[in-house]
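Work through these exercises with the structure open beside you. Try each task before you read its solution.

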Amino acid sequence: MNRILIVEDEDRISSFVAKGLKAEGFTTSVVRDGVTGLDYALTGEFDLMVLDIGLPGMDGFRVLERVTAERPSLPVIVLTARDSVTDTVAALEGGAADYMSKPFKFGELLARVRLRLRPPGGAAPEQDLTVGDVRLDLRHRRAYVGRREVELSARELTLAEVLIRNRGLVLSREQLLSQVWGYDFDPGSNVVDVYVGYLRKKLGASLITTVRGLGYRVS
């Protein structure tokens, strides 16, 4: 099981990222300042670090510089509210494996985490998903029921992908919100239920099962 270090001083974001990664089977540790984050990163106990730039104690760029020099094998994904070419270049040239601007969608962060943890030559995520007579062609962003193409919005397709990739598992509304809509979306919204309804109408009522009090599952 991969261990991920999250260095982020905003509680809302660190909690959102930690919960999402734990739901995907990762072990996480959260620290909220640069000095402690650097100490943790250099222990050798983590497989990847998610690093905010605007940290108290020690700036994230300085943390990145030290980690790159002293533990270059640790992949670092930088998170920042600074959306400028200069900062992007500084992070990547400073040794970051990847860079994401806030706000971001959890699904995108998860994909980047998995990519950075994939062994060299490891298989890429499957791009053709099938359940019964429903097929998602993710390479071309298309959906089919039998031989009939069904028009799905980008959000509907992403929701269907998340559910089908986790076939057999019950996913809570919170997990689906974080992976499909992102951390900045209202957690009290019923948007998940609405979009599940859309998918049932388009892909078949039996595709998605409601597990009362827990969430949704594709069997």
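**Exercise 1.** Locate Lys-102 in the chain, then decide whether Lys-102 is buried or exposed.

*Solution.* 
Step 1. Find the secondary structure on either side. Lys-102 sits in the loop between strand S5 (98-101) and helix H5. This is a predicted model.
Step 2. Check the relative accessible area. For Lys-102 the value is 13%. The cut-off for buried is under 20%. Lys-102 is therefore buried.
Step 3. Look for a partner of the side chain. The side chain of Lys-102 makes a polar contact with the side chain of Glu-8, at 3.1 Å.
Step 4. Compare sequence with space. Lys-102 and Asp-52 lie 50 residues apart in sequence. From C-alpha to C-alpha, Lys-102 and Asp-52 are 10.0 Å apart.

**Exercise 2.** Describe how domain 1 and domain 2 meet.

*Solution.* 
Step 1. The domain assignment gives domain 1 as 3-117 and domain 2 as 129-218.
Step 2. Taken over C-alpha atoms, the centres of domain 1 and domain 2 are 29 Å apart.
Step 3. Count the residues in contact. Domain 1 brings 13 residues and domain 2 brings 11.
Step 4. Take the area. About 1000 Å² is buried between domain 1 and domain 2, and carbon and sulfur atoms give 56% of it. On the side of domain 1, Arg-12, Phe-16 and Lys-105 lose the most area to domain 2. Together these residues make up 37% of what that side buries.
Step 5. Search for charged pairs. There is 1 salt bridge between domain 1 and domain 2.
Step 6. Sort the side of domain 1 that touches domain 2. Helix H1 (11-23) and helix H5 (106-117) each supply at least two residues. H1 gives the largest share, 5 residues. By class, this side has 7 nonpolar, 1 polar and 5 charged residues.

**Exercise 3.** Find out how many residues of helix H7 are buried, and what covers them.

*Solution.* 
Step 1. Mark the helix. H7 spans residues 173-181.
Step 2. Count. Of its 9 residues, 7 are buried, which leaves H7 mostly covered.
Step 3. Name some of them. The buried residues include Leu-176, Leu-177, Val-180 and Trp-181. Gln-175, Ser-178 and Gln-179 are buried as well.
Step 4. Identify the cover. It includes H1, H5, helix H6 (154-165), helix H8 (191-203) and strand S11 (215-218).
Step 5. Look just past the end. Gly-182 follows H7, and the phi of Gly-182 is positive, near 100 degrees.

How values were computed:
Residues are numbered from 1 along each chain as its sequence is written. This is a predicted model: local features need pLDDT of at least 70, side-chain atom pairs count only at pLDDT 80 or more; totals for chains, interfaces and linings use all residues. Side-chain values use heavy atoms; hydrogens and water are left out. Domain bounds come from an automatic or database domain assignment. Contact means heavy atoms within 4.5 Å. Buried area is the accessible area (1.4 Å probe) that two parts lose on being put together, summed over both. A salt bridge is a side-chain nitrogen of Lys or Arg within 4 Å of a carboxyl oxygen of Asp or Glu. Helices (H or I, at least four residues) and strands (E, at least two) are DSSP runs, numbered from the N terminus. Ala, Val, Leu, Ile, Met, Phe, Trp, Tyr, Cys and Pro count as nonpolar, Asp, Glu, Lys and Arg as charged, and the others, Gly among them, as polar. Buried means under 20% relative accessible area, exposed over 50%, partly exposed in between (1.4 Å probe, protein chains only). A polar contact is a pair of N or O atoms within 3.5 Å; within protein, one must be able to donate a hydrogen and the other to accept it, and residues adjacent in sequence count only if both atoms are side-chain atoms.
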